[in-house]
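Colleague: Could you show me the model and take some questions on it?

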Amino acid sequence: MTNTFSCRAKRGARPFSFLFALCLIALTGACAQTQSAGPEVSIKRPAGKLNILLMPADVKISVVTTGGLTEPNAEWSEQGRQNVVSALKAEMAERNIEVNPYADDSVPSYQIASEHEQLIKLHQAVGASILLHKYGPGLQLPTKKDRFDWTLGQGVQSLRDSRGGNYALFVYAEDSFSSGGRVALQVAAIILFGAHVPGGRQIAFASLVDLDSGSVVWFNVLTSGGGDLREPESARQAVDTLLANSPL
Amino acid sequence: MTRALNLIGCFLVVALLAGCTTFVAVSPAKKHEIGNVFRVQPSTLWSAKKDGNVENWTINGFDLEIVSFITKVTEGKAIAPKLQGDDAPTFQADMNATDVVNLYEAVLTARKFSQVEVRNLRPHTISGKDGFRFEYSGFDANGLAKRGMVVGLIDSENGLNLVIYEAAAEHYYDASREAAENVFDSLEKI
Amino acid sequence: MQPGVTPPADSVEGGLWMVMEKAELRLKTSGRVIPDAELQAYVHDIACRLAGEHCANLRTYVVRQPGFNAAMAPNGFMTVWSGLILRCENEAQLAAVIGHEIAHFLRRHSLQRWETMRDSLGAAQVFGLVSAAAGVPLGDIALLGAVGYIQAYSRDQEREADELGLETMTAAGYDPQAAPQLWRNLIAEGEAADKDEPNPFFSSHPPTKERMEMLSDLAAAARTTDTAKQDRFHELVSRYRAVWLEDEVDVGRYAEIQVILSRIKEDGHMPGVVWYYQGEALRRHAEVEDKTEAIAALRKALEFDDAPAVTYRSLGLLLAKQGDAAGARRAYQSYLEKAADADDREMIRYYIKELEKRS
């Protein structure tokens with residue numbers, strides 16, 4: 001009920017707990033590292049090709065100014081989005097999986113149909129919960145000990161019925177790059193505070209949702225100090241790493 | 001620099017939190033005392049976190065479903081003072097259930113809820129004592145639809161005491177409802 | 001930079017555009033946009049007529065939010081708070097505000113303001129401010145005071161917007177005197193209000209004496225027209241007046257609401273509802289210890305046919321606290337009679353039983 005965390009993360013389009021969870025992970029994440037949640041997951045494969053509903057990829061690439069402000073860069077974000085979408089499609093093609101985009105992904109401004117809005121918002125809340133309680137140190141829920149059974153509920157069937165797909169794949173990625181002056185500040189911060197001030201910080205997560213039951217069958221978080229989603233090859237690498245231990 | 005300080009602040013919070021596990025298990029096998037006001041026996045396992053006079057339980061995460069016990073809101077105190085700030089409406093000893101509904105709506109507004117509707121305010125008994133109960137709905141700060149039910153008890157010693165079940169309208173309210181109802185049904189006054 | 005033309009993605013404006021688009025999307029899915037197609041179309045239509053050829057770039061949203069504010073982002077999305085429409089006495093006053101905001105948009109004042117802001121605010125803060133101005137609060141309540149910052153214009157820009165606003169208003173057939181009149185009403189309300197709480201609209205449009213005089217002069221010099229039909233305004237607003245008044249009480253705007261209610265009473269609308277809210281605001285205001293006036297207002301409301309059933313409930317609550325058990329019981333009984341399907345009737349029946357026990 002009450003806001004129990006005193007950490008004032010920067011606010012944006014995400015729920016507050018989401019950002020807080022991200023900041024925890026950004027700190028605890030070291031180099032290219034993934035932590036997947038969900039045990040050895042196997043998914044139901046239909047007789048024909050597996051069909052994955054590709055939800056609009058949410059990619060935000062920002063520039064960190066000398067003053068420490070984060071500014072989203074529209075061109076970079078769009079480049080990143082296109083690269084991530086291409087990478088996802090390439091990954092699916094390699095695995096002989098049929099890709100079924102939710103919306104026309106040649107354009108950045110996606111339109112979620114109003115009947116799906118609550119599902120998308122619920123997914124954000126579920127994702128935040130998973131990040132917080134599976135990846136947040138000291139925040140594990142006893143009710144989730146040795147289990148991973150988050151779900152969106154059967155309401156997902158309205159997604160399945162209107163768009164098709166056996167599973168829905170959600171990908172979120174955030175990246176930021178320092179402008180020239182930042183590097184000097186980074187070095188100073190490391191010396192003075194012993195803390196790493198990320199000058200180029202990447203975080204991505206993916207979730208796979210069963211479109212019959214609503215279960216989040218697989219979830220993975222990628223934190224990395226390198227890689228550049230604006231570069232197609234680098235984005236491909238990041239997506240490849242992100243999906244490496246997926247059941248797809 | 002603000003960004004660095006924010007992250008350092010996060011780091012400290014993390015360090016503090018990592019030292020102890022924040023959530024404890026509430027097992028269905030026994031009765032639990034809450035705030036020295038209520039005794040309750042859940043029918044299933046919950047995860048609990050205490051914060052002053054508030055104890056919050058969840059199964060899947062607070063934003064998905066929560067059972068909140070707020071005890072000993074005495075005369076002159078607001079229900080959620082940290083959230084509501086200095087100008088918050090406060091509980092007065094001569095308040096009744098209808099007044100408490102207004103107080104609770106103010107908490108929802110402070111939590112940036114919109115389209116709040118309160119329904120079915122009615123008497124409810126706890127350990128033979130006269131309390132009240134109501135349901136509500138609204139959209140939270142992120143536009144996620146939420147539903148809730150509240151049980152309240154006012155007494156001269158403890159002031160206002162509330163037990164709240166709130167969950168995402170999509171799936172969670174119904175899915176966790178039975179577990180929450182069992183908590184409510186088991187409520188006793190110490 | 002033409003209004004309505006999307007800036008190149010790699011520009012500063014491009015980044016801000018993205019923030020505004022996200023804010024607009026967030027608003028659309030927030031649950032705050034009033035789901036009344038007629039009301040939305042009505043306001044959009046006014047904005048369209050005032051914007052002329054730029055109508056195609058506009059998107060308007062009437063949001064459920066108490067308080068007086070309207071805001072327009074440089075990418076063409078405008079929000080009008082329900083509290084603003086509540087405070088307008090007629091369509092001309094509504095058109096005055098909308099026209100003023102559109103004028104800022106047409107003259108690119110907002111964009112100039114954005115560029116200045118960019119040096120001191122991060123994108124997340126900008127997003128927060130845009131959201132708050134749109135009526136979808138994100139951060140602290142204190143942020144609302146900063147909302148004025150986003151809309152704050154220079155004196156020259158205000159004069160330009162006032163001039164252009166009046167021009168477009170008059171061209172559309174509205175009485176230009178509505179503009180200074182609206183401002184006088186707002187100032188009166190501001191004077192009654194708690195000075196600690198910042199009024200977002202006032203922080204961005206300071207109602208200085210100088211501006212008021214200028215506005216009156218401009219209005220007097222303009223052609224006097226009053227040809228625009230205004231029945232739609234009253235028809236639509238009467239649907240919502242009670243609900244929007246309730247919203248103001250719910251957020252504790254007890255002093256301001258009395259000013260608004262006096263005006264509605266003077267204009268002759270909904271006397272029973274108006275007296276009820278006058279009483280109810282006094283009842284809910286904890287700082288008003290003497291509830292005599294509240295009781296009197298509620299009793300006065302009952303003299304009118306349109307007094308809502310909850311008037312009896314509020315009266316009962318007050319009389320019970322005063323120790324008038326018999327009076328309270330009578331009031332509660334009347335409530336139960338008038339609102340047979342009230343969803344809190346069991347609770348009221350309980351109150352009656354408790355009062356019977358006492359006596």
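Colleague: What is the mean pLDDT of chain C?
Modeller: This is a predicted model, so confidence is stated per residue on a scale from 0 to 100. In chain C, 79% of the residues reach 70 or more. The mean pLDDT of chain C is 84.

Colleague: Over which residues of chain C does pLDDT stay under 50?
Modeller: Where pLDDT is low, the predicted coordinates should not be read in detail. The model does have 20 contacts beyond four places in sequence for the stretch concerned. That stretch of chain C is residues 139-149.

Colleague: Which helix gives the most to the side of chain C that touches chain B?
Modeller: In this pairing, 18 residues of chain C are in contact with 19 residues of chain B. On the chain C side, α16 (310-322) and α18 (345-358) each supply at least two residues. That side divides into seven nonpolar, three polar and eight charged residues. With four residues, the top contributor is α18(C).

Colleague: How far apart are the end C-alpha atoms of helix α9 of chain C?
Modeller: Helix α9 (residues 178-192) has 15 residues, and at 1.5 Å a residue it should span 21 Å. The model agrees with this, because the end C-alpha atoms are apart by 21 Å.

Colleague: Which helices do the buried residues of α9(C) pack against?
Modeller: The buried residues of α9(C) include W183(C), L186(C) and E189(C). Their packing partners in chain C are α4 (91-106), α8 (155-171), α11 (209-221) and α13 (254-266).

Technical notes. Residues are numbered from 1 along each chain as its sequence is written. Chains are lettered from A and ligands numbered from 1 in the order in which they are written. This is a predicted model: local features need pLDDT of at least 70, side-chain atom pairs count only at pLDDT 80 or more; totals for chains, interfaces and linings use all residues. pLDDT is the predictor's confidence in each residue, from 0 to 100. Two residues are in contact if their C-beta atoms, placed from the backbone, lie within 7 Å. Ala, Val, Leu, Ile, Met, Phe, Trp, Tyr, Cys and Pro count as nonpolar, Asp, Glu, Lys and Arg as charged, and the others, Gly among them, as polar. The expected span of a helix is 1.5 Å times one less than its number of residues. A residue is buried if 20 or more other C-beta atoms lie within 10 Å of its own, exposed if 12 or fewer, and partly exposed in between; C-beta atoms are placed from the backbone.
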